Amino acid sequence: MNKILALRLLDAADNAAIIIDAGSRIRYANDAMYALSGYAPDSLTDRQLEALLPDAVREQHGAQIGAYLAGEKKSTVLGQKRHFAIRHRDGSMLPIVLKAMDLGKLGDENYMGAFFIDQRHERAIEQQNAARWQQLQRIALSDSLTRLPNRRAFEIDAVRAAARVRRAGSPMTIGIADIDFFKKVNDQHGHAAGDAVLQAIAAVLQSQARASDVVARVGGEEFGLLFPHTDMAMARQVADRIRLAVAATCVDFEQTSITATISIGLAPLPHNGDWKTGFMHADAALYQAKKNGRNRVEEA
């Protein structure tokens, strides 16, 4: 009677459960196991457990059980909760928490049992949380107006880029671009027009920079530039291309065409990899570009 009642209890359990013999044949599966695996009731009985296992462990599983029962190998699974996956009838893999146990002998036969706790809901929540976190990270590291990386993102990129080029023994050039007479744009046309100009220039900077370059908005009308694996001569060519493209851009705002130019300061990454010092030198070069007439590139 006790065995019958125990099986009734297992049949009514929320968690999937199976019992296998020494040959890995399934001798019992409860209703929750059939619901989890997608198999029709009673269709798993006498099937090999390997049908439910991932390819990576399917072939060794029978041999591992044999070695354990022969006393040749200790089990690292039995009695422990372990994140695992089983194969659904449709071929998809289901994330589960597995708890397997040695049930001992009944007659002359060894039996093992296992509970499978469905983790799909938990995994879906984890993925949703991860997606939300990535979205928050993008928001935190992005300038809402121009959609460029913001100053914080620029600083993170600068640290990483500086470390990479130092390991590679390559040069890196740091730049700052500033919109010339931007205050006049705001004063003459209003801040909405200024925002339109910022967005247009940001788009030009991004389109004219190379895929390996970093462009970020680091201040009101200032943009940070990183040119990894690039010496000053090559960086100047790219900076001049960007400057000319900005000068050729016309921003249409409320039936008014607005043009603007930028000045750019460039400096090499110091030998010690201190990008902040390089940024200060680029800022000094930018000041020189402003002093020398604007709409130009100066090198530190």
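Biologist: What is the strand order in the open sheet of five strands?

Modeller: Please keep in mind that the model is predicted. The order is β2-β1-β5-β4-β3, and the pairing is antiparallel.

Biologist: Which strands stand at the edges?

Modeller: Those are β2 (26-29) and β3 (81-87). Each has a single partner strand, so one side of each lacks a neighbour in the sheet. On average, neighbouring strands of this sheet are turned by 35° against each other, direction ignored.

Biologist: How many bridges are there between β1 and β2?

Modeller: Three bridges pair β1 (residues 16-21) with β2 in the antiparallel sense. Within this pair, Ile20 stands opposite Ile26 in β2.

Biologist: And what joins β9 to β10?

Modeller: Four bridges join β9 (residues 250-253) to β10 (residues 256-259), and the two strands run antiparallel. Asp252 has Ser257 in β10 as its bridge partner. The two strands form a hairpin with two residues between them, and Glu254 in the turn has a positive phi of about 50°.

Biologist: Changing topic to helix α7: what span should its 18 residues have?

Modeller: Helix α7 (residues 191-208) should span 26 Å at 1.5 Å a residue. Its end C-alpha atoms are 26 Å apart, which agrees with that value.

Biologist: Which residues of α7 are buried?

Modeller: They are Ala193, Gly194, Ala196, Val197, Leu198, Ala200, Ile201, Ala202, Val204 and Leu205.

Biologist: Which residues have the most contacts inside the largest nonpolar core?

Modeller: That core has 34 residues, and the ones with the most contacts inside it are Ile179, Val197, Ile201, Phe223, Ile262, Ile264 and Leu266. At least two core residues come from each of β6 (172-179), α6 (182-189), α7, β8 (222-228), α8 (232-247), β9 and β11 (262-268). Helix α7 gives the most, with nine residues.

Biologist: What does Phe223 touch?

Modeller: Not counting residues up to four places away in sequence, Phe223 touches a set that includes Leu148, Ile176, Ile179, Leu198, Ile201, Leu205 and Val218. Arg217 is also one of the residues in contact with Phe223.

Biologist: What about the second core?

Modeller: The second core is separate and has 25 residues, among them Ile26, Leu52, Leu94 and Leu98. Ile26 is also the residue in β2 that stands opposite Ile20.

Biologist: How many aromatic pairs does a search of the whole structure find?

Modeller: The search finds three. One of the pairs is Phe154 with Phe279, which is tilted, at 5.7 Å centre to centre and 55° between the planes. Phe154 lies in helix α5 (residues 151-168) and Phe279 in helix α9 (residues 275-291), so this pair ties together parts that are 125 residues apart in sequence.

Biologist: How do Trp275 and Phe279 pair?

Modeller: Trp275 and Phe279 form an edge-to-face pair, 6.0 Å centre to centre with 70° between the planes. Both lie in helix α9, four residues apart, about one turn of the helix. Phe154, Trp275 and Phe279 form one aromatic cluster. Phe154 and Phe279 are both buried, and Trp275 is buried as well.

Biologist: What is Glu50 in contact with?

Modeller: Leaving aside neighbours within four places in sequence, Glu50 is in contact with Ser24, Arg58, His61 and Gly62.

Key. Residues are numbered from 1 along each chain as its sequence is written. This is a predicted model: local features need pLDDT of at least 70, side-chain atom pairs count only at pLDDT 80 or more; totals for chains, interfaces and linings use all residues. Side-chain values use heavy atoms; hydrogens and water are left out. Two strands pair if DSSP finds at least two bridges between them. Axes are lines fitted to C-alpha atoms, for helices over the stretch in contact, and angles run from 0 to 180 degrees between N-to-C directions. The expected span of a helix is 1.5 Å times one less than its number of residues. Buried means under 20% relative accessible area, exposed over 50%, partly exposed in between (1.4 Å probe, protein chains only). A nonpolar core is a set of buried Ala, Val, Leu, Ile, Met, Phe, Trp, Tyr and Cys residues joined through side-chain atoms within 4.5 Å. Contact means heavy atoms within 4.5 Å. Rings of Phe, Tyr and Trp (its six-membered ring) pair if their centres lie within 6.5 Å; planes under 30 degrees apart count as stacked, over 60 as edge-to-face and the rest as tilted.
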